[in-house]
Amino acid sequence: MDNSELFKMATDAKKYSYSPYSGFKVGAALLTDSGKVYTGTNVENASFGATNCAERTAVFKAVSEGERKIVSIAISGESDSLVFPCGICRQVLVEFGDENTKVICGNRKGDIKVFSLKELLPNAFTEFEGM
Ligand SMILES: [Zn+2]
């Protein structure tokens, strides 16, 4: 599974986006260390705060089926510029990724650029140290 193939799967997943409020469809596809791919879309809500991003949808699908390690994740949006994961999604990715996890960001033209998770969220919070 190369970066372009994963990005294509993220782009294909966009068709299931539920985004009646923003009209901005996002698809994500992630590869786990078991070799399986999980896709996700943004799922919006009339109460905007209840909206879930495509990346987290894909992560939660994978984790809820027993996966624990993300090798790479591709994100496909509908803008001319690259679509990056939001801050909350970056934190969720850190929970199930590591320094080698790749984040493949693309635009609607199909251009992609690959980042490490560490580049996107340096000095991440990773441990609960208790009270
Ligand atoms: Zn997000």
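Patches are made of residues with over 30% relative accessible area and no salt bridge, with like charges joined within 9 Å and nonpolar side chains (Val, Leu, Ile, Met, Phe, Trp, Tyr) joined within 5 Å. The areas themselves come from the Shrake-Rupley method with a 1.4 Å probe, and for residues only the protein chains shown count as cover. In this predicted model, Tyr 18, Tyr 21, Val 43 and Phe 48 make a nonpolar surface patch of about 430 Å².

## How the model is read

Residues are numbered from 1 along each chain as its sequence is written, and side-chain values use heavy atoms, with hydrogens and water left out. Because this is a predicted model, local features need pLDDT of at least 70 and side-chain atom pairs count only at pLDDT 80 or more, while totals for chains, interfaces and linings use all residues.

## The zinc site

The zinc ion has as its protein donors the SG atoms of Cys 53, Cys 86 and Cys 89, which lie 2.3 Å from the ion. Donors are N, O and S atoms within 2.8 Å of the metal (3.2 Å for Na, K and Ca), and since water is not among the atoms, sites may look incomplete. Along the sequence, the donor residues follow the spacing C-x32-C-x2-C.

## Salt bridges

A salt bridge is a side-chain nitrogen of Lys or Arg within 4 Å of a carboxyl oxygen of Asp or Glu, and by this rule the count comes to 3. One of them joins Lys 8 to Asp 12, with the closest N and O atoms 3.1 Å apart. Lys 8 and Asp 12 are 4 residues apart in helix α1 (residues 3–13), so about one helical turn separates them; Asp 12 is partly exposed at 34% relative accessible area.

Another salt bridge brings together the side chains of Asp 98 and Lys 69, at 3.9 Å from N to O. Asp 98 lies in the loop between α3 (87–96) and β4 (102–106) and Lys 69 in the loop between α2 and β3 (70–76), so this pair ties together parts that are 29 residues apart in sequence. Both residues are partly exposed, Asp 98 at 28% relative accessibility and Lys 69 at 30%.

The side chains of Asp 80 and Arg 108 also meet in a salt bridge, at 2.9 Å from N to O. This pair links distant parts of the chain, 28 residues apart, with Asp 80 in the loop between β3 and α3 and Arg 108 in the loop between β4 and β5 (112–116). Asp 80 is partly exposed at 46% relative accessibility, while Arg 108 is exposed, with a relative accessible area of 53%.

Arg 56 lies in helix α2 (residues 54–63) and is buried yet has no salt bridge, for the nearest side chain of opposite charge, Glu 55, is 6.6 Å away. In this comparison Lys and Arg count as positive and Asp and Glu as negative, while His and the chain ends are not counted. When neighbours within four places in sequence are left aside, Arg 56 is in contact (heavy atoms within 4.5 Å) with Thr 51, Ile 88, Cys 89 and Val 92.

## Buried residues around helix α3

The buried residues of α3 are Cys 89, Arg 90, Val 92, Leu 93, Val 94 and Phe 96, and what covers them includes α2, β3 and α4 (117–120).

Ile 70 is found in strand β3 and is buried, with a relative accessible area of 5%. Leaving aside neighbours within four places in sequence, the contacts of Ile 70 include Leu 93 and Phe 96, along with Val 59 and Leu 30. Pro 85, in the loop between β3 and α3, counts as buried at 2% relative accessibility, and with neighbours within four places again left aside, the contacts of Pro 85 include Arg 90, Leu 93 and Leu 120.

Conventions
Helix = DSSP H or I, 4+ residues; strand = E, 2+ residues; numbered from the N terminus. Buried < 20%, exposed > 50% of the residue type's maximum accessible area, 1.4 Å probe, protein only.
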